[in-house]
Amino acid sequence: MAGSPCLDELQLRKLKDHYEAQKAESSASKIQELVDCVTSLQVQVGILGERGAGVTTLIQALLDKPRRVTDPWAYFREAPQPTQQPVAHCHPTYPNLTLHDLPGFQVSEKAAAYLKSLGDLSKYSCFVVVVGNGGLRETHLQILKAIKQKGKPFLLARTKVDLDLHTAERRLRFRYSATEQLGLIRKELVKDGMDSKTVFLVSGLEPEKYEFDCFEDRLEAEVLNLKRSHDGNLEDLAAMSQKKITELYEICQSGSLSDVPAVLHSALENPTQIRLDVAVIGEAGSGKSSLVNSLRDVGCGEPGAAPTGITQATKKATPYLFPAVPNLYLWDLPGVGVEEEDISRLDLSCYDFFLLVASERYKHVHSCLARAIVSAGKQAFFVRSKTDVDMESLPGSQAKPTEELEELQEEMRKNCVDALKKDGMDSPRVFLVSCLRKQTYDLPLLQEALKNSATDLKKKVLKQVIPTVLSRLVRRKSKVLMKDVWGKALHICLFCVENPKAAVAENIIATITGFCTVLGLDEASLGRIAQACNTAVPQLQAQVQSRFAKPLDSDYVLSLITKPTSLIDRAWGYVPYWGQGKKAEPGISFESTYGMLQQVVVELSEDAKKVLTMAFVKD
């Protein structure tokens, strides 16, 4: 199914008829060349997969119309009906790109019969083969073989990754690791000889996560020849909180890119509105829930208190507001297992800080937890709970002088500090507490330490996610610019029909200058960024590598968009009378103009990301 002509093409044909009516044959000829070029640049992408794999949902995400689901059960009840006939969608950013939602195949359907129903595969420039959580089937492999035989490029999109992770988390509980699960999914796809560079793990419902951005970039590279310099690797989900990224992104997305540094620095200086998630972690029965209640000055059994008991009371991670600090939540986690393998699978990305709780001596399980926290790039306080029980169990404790008991406590504290240092923690802090005798030991000190450390902890987690936030902000802005590129390229070529090339070059340079301003690369924007971040302007300018961000020469710009004169036209220019003894003037190429403006946006966007990132390097 061929894509329908874009509105711009229809307007061009009407404009050509107008010039022909005015007997302006030269202008009409140029318009016809433009129409032919617009037609030749149409790109058709076939997207197919097994029924129920989420092909339509993925296409909606590519069209910037992701389906937002707040009720998962409603999503399954209202799931879209299978596509019965090919449906063409014109891409909102690239009018020459048409995405074809092709009918899916059934599990029992033979690959040969399905391929026959699709018709001629040669009409598609590229394919996206969608694989659901059922994995690669023999039909997928046969379809990929047929695509390869046609010499067509293809990408493999593994959809519903969010559903896989959700299921794994419920099944594995504390043994769940998002990074490990993603690795297993990828391993299943590449084991059949698939090139890992063509395989992408995505979710059509959550396009801001996983490898959707990389998938988009690779698709644009295949069909539009848009090359980016970054690798586009999957974000390390174990190292940063997606919740924190989203939270900060929403704060920064209003306004221009040059305003972002001031907003970020304001958040860093006064991070009151930023949420801090502190996980209380340890073995079952170590007194984690009682500690949460004591830190919040809430009695056990009172309204809003964490449940406690002789048996394991905490079945699900539950947040409780710490009243002494705005937006600080203490997460009461279920008790962890004692197996080292179970601890190595813990997903620590959701939390910003930890209270590692032990009710007895420092054991192997605490050592494993400490190493896991350090490996995740996080920090923790070590809390030795039930200190009153330890002290009272000492022989003759009632008769021991206070000084001797304090010495024993310091020895207990020193042993814990030494053990934590061996497990990689720098300058560990140990608190000996009792939830029954709150004022006797270190519970007030722990409350004060959380209160005093909150601002610095919030700043640290913000700095960790800032690069990802900046990347998403720049990407959002570049997509807005890219939507105008097709129309601007057409405008420039139409402007060339009745205007000299010098004026055309000025028009292009003005367009590129406008891109620089939007992306914060002009002199005034760099000045604002430097002032907000207390950075020298030359340092920021050094990050700008694109030739399009520097002063442009008209002749150079024209050389990039001028199509070469054919040998026949050059020879005809020397023929007396008919050729009028004039050399043929090379014309402006719409394909080159469109391609150049696309690459301008790509290069300037990468420079904008480097500039904004550089502004925070020194912090």
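Residues are numbered from 1 along each chain as its sequence is written, and side-chain values use heavy atoms, without hydrogens or water. Because the model is predicted, local features need pLDDT of at least 70 and side-chain atom pairs pLDDT 80 or more, while totals for chains, interfaces and linings use all residues.

Strand S7 spans residues 276–282. Strands (E, at least two residues) and helices (H or I, at least four) are DSSP runs, numbered from the N terminus. In S7, 7 of the 7 residues are buried, so the strand is largely enclosed by the rest of the structure. Buried means under 20% relative accessible area, exposed means over 50%, and partly exposed lies in between (1.4 Å probe, protein chains only). Both faces of S7 are covered. Leu276, Val278, Val280 and Gly282 lie on one side. Asp277, Ala279 and Ile281 lie on the other.

S7 pairs with two strands; pairing requires that DSSP finds at least two bridges. With strand S9 (residues 328–332), S7 pairs in the parallel sense over 5 bridges. Here Asp277 stands opposite Tyr329. S7 and S10 also pair in the parallel sense, over 5 bridges. Val280 stands opposite Leu355 in S10. Tyr329 has a further contact: the charged end of Arg275 sits over its ring, 3.9 Å from the centre. Such a contact needs NZ of Lys or CZ of Arg within 6 Å of the ring centre and within 35 degrees of the ring normal.

The structure holds 12 aromatic pairs. Rings of Phe, Tyr and Trp (its six-membered ring) pair if their centres lie within 6.5 Å. Planes under 30 degrees apart count as stacked, over 60 as edge-to-face, and the rest as tilted. Tyr351 and Phe354 form an edge-to-face pair, 6.1 Å centre to centre, with 75 degrees between the planes. Both residues are buried. Tyr362 and Phe382 form a tilted pair, at 5.5 Å and 50 degrees. This pair links distant parts of the chain, 20 residues apart. Tyr362 lies in the loop between strand S10 (353–358) and helix H14 (364–375), and Phe382 in strand S11 (residues 380–384). Tyr362 is buried, with a relative accessible area of 17%. Phe382 is buried at 2%. Phe200, Phe212 and Phe215 form one aromatic cluster.

Grid points are joined across faces, edges and corners, and a volume is the space filled by probe spheres set on the points. The count comes to 4 cavities of 30 Å³ or more. H9 provides the largest share, 3 residues. By class, the lining has 5 nonpolar, 2 polar and 3 charged residues. Ala, Val, Leu, Ile, Met, Phe, Trp, Tyr, Cys and Pro count as nonpolar, Asp, Glu, Lys and Arg as charged, and the others, Gly among them, as polar. The second largest cavity has a volume of about 60 Å³. Asp352, Lys378 and Gln464 are among its lining residues. That lining divides into 2 nonpolar, 3 polar and 3 charged residues.

How values were computed:
On a 1 Å grid over the protein atoms alone, a cavity is a set of points where a 1.4 Å probe fits but cannot get out, and a pocket is an open set with protein on both sides within 12 Å along at least five of seven lines; lining residues have an atom within 4 Å of a point.
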